[in-house]
Amino acid sequence: FLGSDFIAQGRRVGEWLAKATNGKASVVELTGTAGSSVAIDRAKGFRNAIAPYPNMKIIATQTADFSRAAAQRVMENIIQAKGSDITAVYAHNDEMALGAIQALKSYGMKPGKDVMVGSIDGQKAALEAIIRGELGVSVESNPRFGPLVFATMEKYFAGEKIPPRIILKDRLFDVTNAKDFVHEAY
């Protein structure tokens, strides 16, 4: 396996959110494709991170299939049901976070102020949303690991022992560094 640690990604968003909310939040979780290993792992990591905080509760969990449009529709439905109870959103990817942000804004809620939003991917649009103050955090899921793949293959063909798991180092983007990396985001 060569890639990101999806459990760690979810955990890092959860840790950031716990710190940003002083351990008190009513969270809407927008999950990726039901049953996918990425969605399962990101949910597990997030839940592990918030478990020590009894005042952090997931009040709604629904799939939005990693889609911005689906996330906007799902979030609108959740807002109609839960309204002002919502103080945080955890989206399994940036596309869903951006859809949730649109839904929050259309209902007069202020993402980044009324509702903290965190996600995973580190795409350019997410970093721009962080800079605008709408998205709180995005943990990178680096898609650019081609050079590492080829370097690993060269080591393999040279007879070197290759570990069964090679984990990429994913960065965390928030207000402290989003401006520094937006130019290189995908």
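Axes are lines fitted to C-alpha atoms, for helices over the stretch in contact, and angles run from 0 to 180 degrees between N-to-C directions. Helices (H or I, at least four residues) and strands (E, at least two) are DSSP runs, numbered from the N terminus. The model is predicted: local features need pLDDT of at least 70, side-chain atom pairs count only at pLDDT 80 or more, and totals for chains, interfaces and linings use all residues. Residues are numbered from 1 along each chain as its sequence is written, and side-chain values use heavy atoms, with hydrogens and water left out.

**View 1. Helix α3 against helix α4.** The axes of α3 (residues 68-82) and α4 (residues 94-106) come within 7 Å and cross at roughly 40°. That angle makes α3 oblique to α4 (under 35 degrees is roughly parallel, over 145 roughly antiparallel, 65 to 115 roughly perpendicular, the rest oblique). The crossing is right-handed, that is, the near helix is turned clockwise from the far one by less than a right angle. Contacts (heavy atoms within 4.5 Å) involve R68, A71, Q72, M75, E76 and I79 of α3, which meet residues of α4 including E95, M96, L98 and G99. By class, this contact has eight nonpolar, four polar and three charged residues (Ala, Val, Leu, Ile, Met, Phe, Trp, Tyr, Cys and Pro are nonpolar; Asp, Glu, Lys and Arg charged; the others, Gly among them, polar).

View 2. Six strands are ordered β3-β2-β4-β5-β6-β8, with mixed pairing; two strands pair if DSSP finds at least two bridges between them. β3 (55-63) and β8 (172-173) are the edge strands, each with a single partner, so one side of each has no neighbour in the sheet. β8 pairs with β6 (residues 137-140) in the antiparallel sense over two bridges, and V139 stands opposite L172.

**View 3. Helix α2 on the sheet.** Helix α2 (residues 37-50) lies across β2, β3, β4 and β5. Its direction runs at about 165° to β3.

View 4. N93 lies in the loop between β4 and α4 and is buried, with a relative accessible area of 6% (buried is under 20%, exposed over 50%, partly exposed in between; 1.4 Å probe, protein chains only). Leaving out residues up to four places away in sequence, N93 touches R42, F66, S119, I120 and D121. F66, in the loop between β3 and α3, is partly exposed at 24% and has phi near 60°. D121, in strand β5, is buried at 13%; its phi is near 150°, a positive value in a residue other than glycine.
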